[in-house]
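Biologist: I am new to this structure and would like to go through it piece by piece. Please show it first.

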Amino acid sequence: MSKLKLLTGAPNEIVMEREFDAPRRLVVQAMTTPEFIKRWLGGKRATVVSAEVDLRVGGRYRYVLRSPDGVQFAFGGEYRELSDERAVHTEKFDDYPGESLVTTTWTETAGKTTLHIVVAFESQAVRDIVMGTGMINGAGESYDKLDDVLASL
Amino acid sequence: MTPARLDATFSALADPTRRAILARLAKGEASVMELAGPFAMTQPAISKHLKVLERAGLISRGRDAQRRPCRLEGAPLRQASAWIERYREFWDASFDALDDVLEDLKKQDRHKAKRRQEKP
């Protein structure tokens, strides 16, 4: 069963939350050091071809991965804010349109760390497409589930 | 879905007038005249938007020379909305693997702490 929670946020956001059984210091280290990133990013079946991290404001990161079926993909971005408990960076996948702004916070309680990620898309429209929710607004009408609308055609 | 197609879908949907056109077409097909009405737009202006939507495969135009009715095509939107599932699966699998890396790091930490205690 998935431990990754998807929460609601602002209209143009996707929010994810995940708990780790480790202190924040180690979680941040594992998430920002290329040597460790290569061991978990993409999951067990994917391969990290390269992981570059220039961890400073204005610095960039870039990950290149190969999925189990041999397809290569890459994403990266620039760090806008960095602190012990919070990081803000852009995120752009090589072959996909648009750039998101990702805000990550790490909160430690009793030796466990809660990771909270807010992915802000360029517009609500983009967010809604990727979520499959039909907030296509026109003449004051909105649709809760695009699938339902399309199925009724 | 190809990157080019996804790009076209996103661009098409980035405009509020085009989103409104799609919402109208979700209720049933319409002619250019019928679409232009609610927006107080000229037909050429609406036609520009329709061209973008047609190129993105989001609408199709009928053959009827008189009316050329526009019709909503749902497939590109359904394909685009699969993106979130792949994104979520990517991070879900990544964080599961991160659990194991953290166990290793905690072990290393405990070894280091033991060695510090054992030093005279």
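What follows is a set of questions and answers on a predicted model.

Biologist: In what order do the 8 strands of the open sheet in chain A lie?

Modeller: The pairing in this sheet is antiparallel. Its edge strands are β1 and β3 of chain A, each of which pairs on one side only. From one strand to the next, the twist averages 20°. Read across the open sheet, the order is β1-β2-β8-β7-β6-β5-β4-β3.

Biologist: Which residue is the bridge partner of T104(A) in β8(A)?

Modeller: Strand β7 covers residues 100-109 of chain A, and strand β8 covers residues 112-120. The two run antiparallel and are joined by 9 bridges. In β8(A), the partner of T104(A) is I117(A).

Biologist: At about what angle does helix α1 of chain A run to β7(A)?

Modeller: Helix α1 is made of residues 24-32 of chain A. This helix lies across β2, β3, β4, β7 and β8 of chain A. Its angle to β7(A) is about 150°.

Biologist: Which helix of chain B packs on the sheet, and what angle does its direction make with that of β2(A)?

Modeller: The helix is α6(B), and the strands it touches are β1, β2, β4, β5, β6 and β8 of chain A. Helix α6 spans residues 83-118 of chain B. Between the direction of α6(B) and that of β2(A), the angle is about 20°.

Biologist: What pattern does chain B follow along the sequence?

Modeller: The secondary structure of chain B comes to 6 helices and 2 strands. Of its 120 residues, 45% count as buried. Read along the sequence, the pattern is α-α-α-α-β-β-α-α.

Biologist: How much of the accessible surface of chain B belongs to carbon and sulfur atoms?

Modeller: The accessible surface of chain B comes to about 6,700 Å². The part belonging to carbon and sulfur atoms is 51%.

Biologist: Why does the salt bridge between D99(B) and K3(A) join two chains?

Modeller: The closest N and O atoms of D99(B) and K3(A) are 3.4 Å apart. D99(B) lies in helix α6 of chain B and K3(A) in the segment before β1 of chain A, so the pair joins two chains. D99(B) has 16% relative accessibility; buried means under 20%, so D99(B) counts as buried. The salt bridges of a network link K3(A), R18(A), D96(B) and D99(B).

Biologist: How many residues apart are K5(A) and E17(A)?

Modeller: The side chains of K5(A) and E17(A) meet in a salt bridge, 3.8 Å from N to O. K5(A) is in strand β1 of chain A and E17(A) is in strand β2, and the pair links distant parts of the chain. K5(A) is partly exposed, with a relative accessible area of 46%. The separation of K5(A) and E17(A) is 12 residues.

Biologist: How many salt bridges does a search of the whole structure find?

Modeller: Among them is the pair E81(A) and R86(A), whose side chains meet at 3.0 Å, N to O. E81(A) is partly exposed at 38% relative accessibility, and R86(A) is partly exposed at 33%. Over all chains, the search finds 18 salt bridges.

Biologist: Is V57(A) buried or exposed?

Modeller: V57(A) is found in the loop between β3 and β4 of chain A. Together with L55(A) and L82(A), V57(A) makes a nonpolar surface patch of about 240 Å². The relative accessible area of V57(A) is 52%; the cut-off is over 50%, so V57(A) counts as exposed.

Biologist: How far apart in space are R67(B) and A113(B), C-alpha to C-alpha?

Modeller: R67(B) is found in the loop between β1 and β2 of chain B. At 37% relative accessibility, R67(B) counts as partly exposed. Not counting residues up to four places away in sequence, R67(B) touches E29(B), A30(B), S31(B) and E34(B). R67(B) and A113(B) are 46 residues apart in sequence, and in space the distance is 79 Å.

Biologist: How far apart in space are K92(A) and V48(A)?

Modeller: K92(A) is found in strand β6 of chain A and is partly exposed, with a relative accessible area of 30%. Leaving aside neighbours within four places in sequence, K92(A) is in contact with residues including A74(A), F75(A) and G98(A). K92(A) and V48(A) are 44 residues apart in sequence, and their C-alpha to C-alpha distance is 17 Å.

Note on methods. Residues numbered from 1 in each chain as written. Chains lettered and ligands numbered in written order. Predicted model: local features only at pLDDT ≥ 70, side-chain atom pairs only at ≥ 80, totals over all residues. Heavy atoms only, no water. Patch = residues over 30% accessible without salt bridge, like charges linked within 9 Å, V, L, I, M, F, W, Y side chains within 5 Å. Areas by Shrake-Rupley, 256 points an atom, 1.4 Å probe, with all protein chains shown as cover. Salt bridge = Lys/Arg side-chain N within 4 Å of Asp/Glu carboxyl O. Helix = DSSP H or I, 4+ residues; strand = E, 2+ residues; numbered from the N terminus. Buried < 20%, exposed > 50% of the residue type's maximum accessible area, 1.4 Å probe, protein only. Pairing = 2+ DSSP bridges. Axes fitted to C-alpha atoms, helices over the stretch in contact; angles between N-to-C directions. Contact = heavy atoms within 4.5 Å.
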